[in-house]
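Let's take a walk through a structure together, one piece at a time. Have a look at the picture first, then read on.

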Number of protein chains: 2
Amino acid sequence: MENLSRKPDLAYLAELSQSQRAIPAGAALLPESTPLIVRVERGIAMRYTLLEDGRRQVEALVYPGDLCGLTSVLYGPGASYYEALTPMMLSSFDPADLHQPLPDGPDRTTTLVWLMTRELTRLSGWLASVGQRNANEGIAWFVMHAWERAEAVGLIEKDSAPFPFAQQVVADSLGLSLVHTNKTIRRLRDQGLFRIAGGRVRISSLPALRRAAAL
Amino acid sequence: MENLSRKPDLAYLAELSQSQRAIPAGAALLPESTPLIVRVERGIAMRYTLLEDGRRQVEALVYPGDLCGLTSVLYGPGASYYEALTPMMLSSFDPADLHQPLPDGPDRTTTLVWLMTRELTRLSGWLASVGQRNANEGIAWFVMHAWERAEAVGLIEKDSAPFPFAQQVVADSLGLSLVHTNKTIRRLRDQGLFRIAGGRVRISSLPALRRAAAL
DNA sequence: CGCTAGATTGACTGCGGTCAATATGAGTGG
DNA sequence: CCACTCATATTGACCGCAGTCAATCTAGCG
């Protein structure tokens with residue numbers, strides 16, 4: 001494992017692409033019980049877990065370039081589910097193909113390790129938000145996070161980012177009730193921090209939002 | 001990457017052991033800014049993150065056999081910190097040694113991927129607890145979790161498990177206040193679910209506790 | 001032009017936070 | 001062995017953020 005402090009080149013994954021398929025908003029990214037790894041080409045999704053009694057905790061937003069299904073393949077299914085929040089385009093891989101080293105360049109497993117480390121870091125930050133931030137800070141953080149994820153994959157257009165997240169999704173991301181989430185979003189909007197409309201969010205002032213998120 | 005649904009053999013890591021060192025309770029496992037990977041041989045620790053304003057979120061309990069520092073090495077420092085909760089014995093590794101494949105058997109990187117997957121799964125469950133469970137369920141879950149972690153590494157003795165967790169640690173694990181954590185623990189104890197004393201916990205009825213945790 | 005999912009609001013409740021003492025207990029020096 | 005100290009555990013009083021219940025509103029859609 002060489003120094004991975006910088007993002008490794010993921011382009012080679014393209015060679016592995018086995019099949020492309022489109023799915024509509026609301027669909028599951030991974031068919032039940034099929035060990036399959038998928039890369040997002042277009043669209044946005046969420047990853048979530050369920051408590052036995054049905055409570056839902058959203059644990060990650062999924063943007064183009066993200067790999068889905070690693071945990072299921074390596075650790076057995078049942079842990080997390082994926083749901084598309086917009087129409088999506090996916091590439092599927094055979095899990096067996098992912099571990100062969102490449103003759104030249106970093107081997108695939110090394111790349112996977114790097115991706116998983118990033119995922120661990122994100123999850124760690126998400127947990128800190130849910131556990132430590134109050135409703136105002138949490139909502140502000142969520143909007144910031146969505147903005148930064150979109151920015152990282154070039155989805156900002158005319159200073160607005162995609163925001164296909166229903167208030168129930170935001171609520172389940174932060175462990176808040178739907179009603180309180182609604183009122184909090186309203187309050188922050190009235191403060192002029194951001195404006196959500198038509199599935200996109202426009203941020204007035206990044207620094208102000210960052211401050212509101214206690215970041 | 002072969003089928004890793006079953007736990008891979010980690011014994012070979014022993015060959016890598018570079019140095020052993022003991023640290024007291026309260027010490028940091030990883031010296032600041034030193035890229036170093038460490039395996040726990042004895043003792044219990046916690047991993048946590050800090051918000052800029054000092055709020056602390058505990059995100060994992062660290063038991064013998066756990067590897068610490070992967071995220072820092074691969075992703076740069078600053079994300080998570082480790083603190084010993086008991087006196088500990090650690091083995092240190094040179095990160096550079098961890099990626100060389102072994103001639104016979106699973107290569108080390110594959111093992112790392114498996115370990116990280118397990119960590120992701122744990123973190124995912126932790127997040128669901130913090131986000132979705134109320135104080136009663138959360139405390140019950142925490143005790144259950146500590147019990148199961150201890151059980152997995154053979155630390156149960158005379159039907160009690162180590163419990164070196166100050167109430168402030170439990171509070172920061174679940175995103176609750178210290179006072180409310182105290183009162184909730186008291187309530188559950190009075191219900192006869194468990195009993196904490198002398199750094200250990202004794203569980204009356206696993207099924208009852210599981211029920212209380214909404215698990 | 002109903003239908004339906006998501007967004008809003010208002011009224012009320014209560015879980016969990018905050019503040020402020022007090023208690024307990026292990027460790028230390030005299 | 002006792003006084004002292006610091007950390008942790010415990011309690012009580014009070015408050016407010018967030019949850020619950022229940023309507024109503026809005027917009028996309030067949």
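What follows is a tour of the chains, the domains, the DNA contact and the sheets.

A bit of housekeeping: this is a predicted model, in which local features need pLDDT of at least 70, side-chain atom pairs count only at pLDDT 80 or more, and totals for chains, interfaces and linings use all residues. Residues are numbered from 1 along each chain as its sequence is written, while chains are lettered from A and ligands numbered from 1 in the order in which they are written.

Start with the two protein copies.

Now, where do they touch? Chain A puts 41 residues into the contact, and chain B puts in 41 residues; two residues count as in contact if their C-beta atoms, placed from the backbone, lie within 7 Å. On the chain A side, the elements that give two or more residues are β4 (56–62), α2 (70–75) and α3 (108–132) of chain A. Those labels are DSSP runs numbered from the N terminus: helices are H or I with at least four residues, strands are E with at least two. The biggest giver on this side is α3(A), with 19 residues. Sorted by class, the chain A side has 20 nonpolar, 15 polar and 6 charged residues. Here Ala, Val, Leu, Ile, Met, Phe, Trp, Tyr, Cys and Pro count as nonpolar, Asp, Glu, Lys and Arg as charged, and the others, Gly among them, as polar. Since 100% of the interface residues of chain A are also interface residues in chain B, the copies meet through the same surface.

Next, zoom in on chain A alone. It is divided into domain 1 (13–125) and domain 2 (133–212), with bounds that come from an automatic or database domain assignment. In chain A, 12 residues of domain 1 are in contact with 10 residues of domain 2. On the domain 1 side, β3 (45–50) and β4 of chain A are the elements that give two or more residues, and β4(A) gives the most, with 4 residues.

What about the DNA? There are 15 residues around DNA strand C, and the closest are Q167(A), N134(B), A135(B), S177(B) and H180(B); near means that the C-beta atom, placed from the backbone, lies within 6 Å of the strand. The elements that give two or more residues here are α5 (167–174) and α6 (178–190) of chain A, together with α6 (178–190) of chain B. The largest share, 6 residues, comes from α6(A).

Finally, look at a sheet in chain B. Four strands form an open, antiparallel sheet in the order β1-β7-β2-β5, where two strands pair if DSSP finds at least two bridges between them. The edge strands of this sheet are β1 (19–23) and β5 (67–68) of chain B, each pairing on one side only. Strand β2 (residues 37–42) of chain B pairs with β5(B) over 2 bridges, and V38(B) has C68(B) as its bridge partner in β5(B).
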